[in-house]
Amino acid sequence: MDLRRVTHHSVAACCMVTVAGMALTACNESSQSIASTHATAVDITTPSGVQIVLIPAGEFWMGSDQGEADAAPRHLIRVSPFAIDKFEALQREFEALQMPDGSHFKGDDRPVEQIRWSDAALFCNERSRAEGLETCYDEATFACNFEASGYRLPTEAEWEYAARAGTSTDYPFGNGPHKLQSHACYAGNSAKQTSRAGQKKPNAWGLHDMLGNVAEWCHDVYSETYFQESPGVDPRGPASGPQRVIRGGSWKSSEGACSVIARMADVPGIADACFAQDTYGFRCVRRLSEEERDRVE
Ligand SMILES: [Ca+2]
């Protein structure tokens, strides 16, 4: 599937959504048409005011035979449509939902960091409740109900599919990091801190900061051999294991770690009192409604 943006236009729309007795204005909306006979990525603003992008279903080659051993083998994956945050989860979003935010680098438009996997999952649930959606995570076991309408962390396959945005190279602009300066906040340009969201160029699907700024927790348990055994449709990672996947590299990462194929992992903080690093953040995904599916088919 060759997906390249060819036009950009905005369509104003408005709706009112009542959640937990509180009226929320919503839904400034814009569309991004993508060069394809059958697929379009669509920008919307959710009832809690977060910009998300509706991503069409598709197939892509995940991983690489040329990178680290855990990125091999390159394998064909089919992904169902989903919605993903246009930016990393931001500190103002935590404040709006009155969620604790222990970020090291303060700023309303900066991404949340120093967040454990388990606390990122709890934020997903809180946003689901704020938007009247069914929560995905059991808050005792952190088992995930993928059929729920609410937010969760992206699977590793969803994250890489979104980061590639239709490309098959190690970076969304080619096979080398030559354009990373304009696409990512990383060790080569970060001044040793996060940047405000959206300061760098988006990828072809309009997603900002997939590479760099904060490295992003994925839902999946990490296994260095998972790509050798992954199912071909909507893989969700190994059933159990001590670490969860982190993708994309951060403000502190080298060029090589800020590619679409580099894999990292750390303990999620479910049962222990670990502290997350100031390089770890996340973004949310959710399944599409029937109406949203129609829009991206
Ligand atoms: Ca990132």
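The dialogue below treats secondary structure, strand pairing and the nonpolar core.

Q: What kind of model is this, and how are residues numbered?
A: The model is predicted; local features need pLDDT of at least 70, side-chain atom pairs count only at pLDDT 80 or more, and totals for chains, interfaces and linings use all residues. Residues are numbered from 1 along each chain as its sequence is written.

Q: How many helices and strands are there in the protein?
A: Both are DSSP runs numbered from the N terminus: helices are H or I with at least four residues, strands E with at least two. Here the protein has 5 helices and 17 strands.

Q: Which strands pair with S8?
A: Two strands pair if DSSP finds at least two bridges between them. S7 (residues 41-45) runs antiparallel to S8, joined by 4 bridges, and Val53 of S8 is the bridge partner of Asp43. S8 also pairs with S11 (residues 82-85) in the antiparallel sense over 4 bridges, where Ile84 is the partner of Val53. In the hairpin of S7 and S8, 5 residues lie between the strands, and Gly49 takes a positive phi near 85°.

Q: Is strand S8 (residues 51-55) mostly covered or mostly exposed?
A: A residue is buried if 20 or more other C-beta atoms, placed from the backbone, lie within 10 Å of its own, exposed if 12 or fewer, and partly exposed in between. By this criterion, 4 of the 5 residues of S8 are buried.

Q: Which residues have the most contacts inside the largest nonpolar core?
A: Such a core is a set of buried Ala, Val, Leu, Ile, Met, Phe, Trp, Tyr and Cys residues joined through C-beta atoms within 7 Å. The largest has 69 residues, with Val53 and Ala162 having the most contacts inside it.
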